[in-house]
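My notes follow in the order I looked things up.

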Amino acid sequence: MTRILLIDDDEQLGEPLTAYFARFEMQLSHATRPSAGLALLRQGGFDAAILDVMLPEMDGFTLCRTIRKESDIPLIMLTARGDVMDRVVGLELGADDYLPKPFEPRELVARLQTVLRRRPSSAGAPPASAVANDGCLHFEGLRVDPATRSVQRLGSAVELTSTEFDLLHLLAREPGRVFHRDDILNQLRGHDAELYTRAVDIVVSRLRKKLEPLDAIKTLRNAGYSLALRPQAADARHG
């Protein structure tokens, strides 16, 4: 069963959500304080976390930043009144998605299912040695392995969130092609998602920083983004 952690100081929220999530084979644990939530996350075993913005001890943004220093677990933030700035800040700090309060439980489940589908499944995944030369995307200074959802920059592993990896994989599959922001949103979030083009810019900015010093992503004004790296020849990879 998929394990979800809710960090929200509303004590009345956990019980009905726990019962609702169980219908979708999701086991919900509820922490009402960030310190308790962090302690549970550090024990491991969770597949995703839901963070409220308004929390005691520290706000949800600080909590998101703290979690991102330690883990790439999918994060969904609950933002008051759907404040656009809350969404922008949450995405800049590494959240995978956001949902305004008040929300419908079914929509929260749907968003969780979306971010969980982006996660690699460890069950049955082939070892790295078996897939290193099978299906990987090689560029000058960059290696993208869709099978293990791993990325190497200049020979070193890069930790990406699920959204960041999906964006990079999308661009890498067709290097040089310009992807419009709306195309990217539809690819990453699905056609039912509310179009929010600023979100694409934020994820691109985060991804660019993680791929430095490579100048990996090119911006075309009023058009979109493309992968700017040249594919690497097989003899160069093995030589």
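This is a predicted model: local features need pLDDT of at least 70, side-chain atom pairs count only at pLDDT 80 or more; totals for chains, interfaces and linings use all residues.

Which order do the strands take in the open sheet? I read it as S2-S1-S3-S4-S5, 5 strands with parallel pairing. Strand S2 (26–31) and strand S5 (97–101) are the edges; each has a single partner strand, so one side of each has no neighbour in the sheet. I get an average twist of 20° from one strand to the next.

**Helices around the sheet**

I traced the chain from S1 through helix H1 (residues 14–22) to S2, and this β-α-β crossover is right-handed.

Helix H2 (residues 34–43) lies across S1, S2 and strand S3 (48–52), and its direction is at about 160° to S1. Then I checked helix H3 (residues 60–70), which packs on the sheet and touches S1, S3 and strand S4 (75–80). The angle between the directions of H3 and S4 is about 170°.

**Cores**

Which residues have the most contacts inside the largest nonpolar core? I noted Leu142, Val151, Leu167, Leu168 and Ile184, in a core of 27 residues. Two or more residues each come from strand S7 (142–145), helix H7 (162–173), helix H8 (181–189), helix H9 (197–211) and strand S11 (224–227). H7 gives the most, with 6 residues.

Leaving aside neighbours within four places in sequence, Leu168 is in contact with Leu142, Val144, Val151, Leu160, Leu207, Leu211 and Leu227.

There is also a second, separate core of 19 residues, and Leu6, Leu78, Phe103 and Val109 are among them.

**Charged pairs**

How many salt bridges does the structure hold? I have 14 of them down, and I went through a few.

Arg68 pairs with Asp96, with the closest N and O atoms 3.0 Å apart. This one links distant parts of the chain, 28 residues apart: Arg68 is in helix H3, and Asp96 is in the loop between helix H4 (84–92) and S5. Are the two partners buried or exposed? Arg68 is at 17% relative accessibility, which counts as buried because the cut-off is under 20%. Asp96 is at 0% and counts as buried too.

Arg177 and Glu174 make another salt bridge, with the closest N and O atoms at 2.9 Å. Here I found Arg177 partly exposed at 37% relative accessible area, and Glu174 partly exposed at 38%.

Then Asp201 and Arg181, whose side chains meet at 2.7 Å, N to O. I placed Asp201 in helix H9 and Arg181 in helix H8, 20 residues apart, so this pair also links distant parts of the chain. At 22% relative accessibility, Arg181 is partly exposed.

Last entry: I looked for salt bridges that join up, and Asp8, Asp52 and Lys101 are linked in a network.

How values were computed:
Residues are numbered from 1 along each chain as its sequence is written. Side-chain values use heavy atoms; hydrogens and water are left out. A nonpolar core is a set of buried Ala, Val, Leu, Ile, Met, Phe, Trp, Tyr and Cys residues joined through side-chain atoms within 4.5 Å. Buried means under 20% relative accessible area, exposed over 50%, partly exposed in between (1.4 Å probe, protein chains only). Helices (H or I, at least four residues) and strands (E, at least two) are DSSP runs, numbered from the N terminus. Contact means heavy atoms within 4.5 Å. Two strands pair if DSSP finds at least two bridges between them. Axes are lines fitted to C-alpha atoms, for helices over the stretch in contact, and angles run from 0 to 180 degrees between N-to-C directions. A crossover is right-handed if, with the strands pointing away from the viewer, the path from the first strand over the helix to the second runs clockwise. A salt bridge is a side-chain nitrogen of Lys or Arg within 4 Å of a carboxyl oxygen of Asp or Glu.
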